[in-house]
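Reader: I would like to go through this model and ask what lies behind the terms used for it. Please set each value against its cut-off.

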Amino acid sequence: MFSRILLATDFSEHSRKAYPWAARLATSNQGKVVLVHALEGDLVANAPVFAGYMQAETLDISRYRDEFRKAAEAALEEAAGEVRALGAEVESHLIQGKRPSEVVVRAAQELKCKVIVISTHGRGGLAKFLLGSTAEKVVRIA
C-alpha cells in the first residue's frame with residue numbers, strides 16, 4: 001500500500017516520537033522510510049538544534065553555512081540510525097528551503113512518497129498563533 005513513507009524531522013524529542021510510527025508503517029508494507037529534514041534558509045534560527053554537532057570556532061561567517069550543513073547531515077544520519085534500529089529500511093535527504101512545510105510537501109512529491117509522517121509540538125493558543133505549526137501547514141498544503 002505505502003512503499004515509501006516520508007518522515008519529516010526537526011530532531012526534537014517531539015519529532016522522535018514519530019519515528020516508531022513511520023517505521024511500523026514501512027515494515028508492515030514492506031516499504032522504506034524516506035527521512036527528511038528541511039534546512040531552513042534562516043540558519044541562525046536553528047543554531048540551538050545543532051549546537052552539539054558544531055565546533056565552537058564556527059562563528060566565522062564564511063564557514064558558518066558549511067559547518068551548519070555538516071551538523072545537519074550528522075544529525076540526520078543519527079536520526080536515520082534510530083529509525084533503522086526500529087527495523088525499517090531508511091534513505092535520508094537533507095532538503096533546503098525558506099518554508100519547511102512547502103519543502104516537505106514538495107519532497108514527498110519528488111521522492112514519490114504517498115504518505116507523510118510528521119509530529120507536532122502540540123502548542124495551542126498564543127504560542128500556536130505566533131509560531132505556527134509546520135505539521136498543520138504540511139497537512140493543508142498536501
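Author: The buried residues of helix α5 are covered by elements that include β1 (4–8), β2, β3, β4 (115–117) and α7 (134–141). The model is a predicted one.

Reader: Which residues of helix α5 are called buried, and what makes a residue buried?

Author: In helix α5 (residues 100–110) they are Pro100, Ser101, Val103, Val104, Val105, Ala107 and Ala108. The term requires a relative accessible area under 20%. Across the protein, 41% of the 142 residues are buried.

Reader: How many helices and strands does the protein have, and in what order do the elements run?

Author: The protein has 7 helices and 4 strands. Starting at the N terminus, the order is β-α-α-β-α-α-β-α-β-α-α.

Reader: Why is the pair of glutamate 91 and lysine 32 called a salt bridge?

Author: The closest N and O atoms of glutamate 91 and lysine 32 are 3.4 Å apart. The cut-off is 4 Å between a side-chain nitrogen of Lys or Arg and a carboxyl oxygen of Asp or Glu, so the pair qualifies.

Reader: What makes lysine 70 and glutamate 67 a salt bridge, and where do they lie?

Author: Their side chains meet at 3.7 Å, N to O, and this value is within 4 Å, so the term applies. Both residues are in helix α4 (residues 61–85), 3 residues apart, so about one helical turn separates them. Glutamate 67 is buried because its relative accessibility is 11%.

Reader: How do you know that glutamate 77 and arginine 84 form a salt bridge, and how are they classed by accessibility?

Author: The N to O distance between glutamate 77 and arginine 84 is 3.2 Å, which also falls within 4 Å. Glutamate 77 is at 42% relative accessibility and counts as partly exposed. Arginine 84, with a relative accessible area of 38%, is partly exposed too.

Reader: How many residues does the largest nonpolar core have, and what makes it a core?

Author: The largest nonpolar core has 24 residues, and Leu7, Val33, Leu35 and Val83 have the most contacts inside it. The name applies because its members are buried nonpolar residues joined through side-chain atoms within 4.5 Å. At least two residues of this core come from each of β1, α2 (19–28), β2, α4, β3 and β4. The most come from α4, which gives 8 residues.

Reader: Which residues does valine 83 touch?

Author: Leaving out residues up to four places away in sequence, valine 83 touches Leu7, Tyr19, Ala23, Val33, Ala88 and Val90. Another core lies apart from the largest one; it has 14 residues, among them Ala8, Val36, Ile95 and Ala107.

Technical notes:
Residues are numbered from 1 along each chain as its sequence is written. This is a predicted model: local features need pLDDT of at least 70, side-chain atom pairs count only at pLDDT 80 or more; totals for chains, interfaces and linings use all residues. Side-chain values use heavy atoms; hydrogens and water are left out. Buried means under 20% relative accessible area, exposed over 50%, partly exposed in between (1.4 Å probe, protein chains only). Contact means heavy atoms within 4.5 Å.
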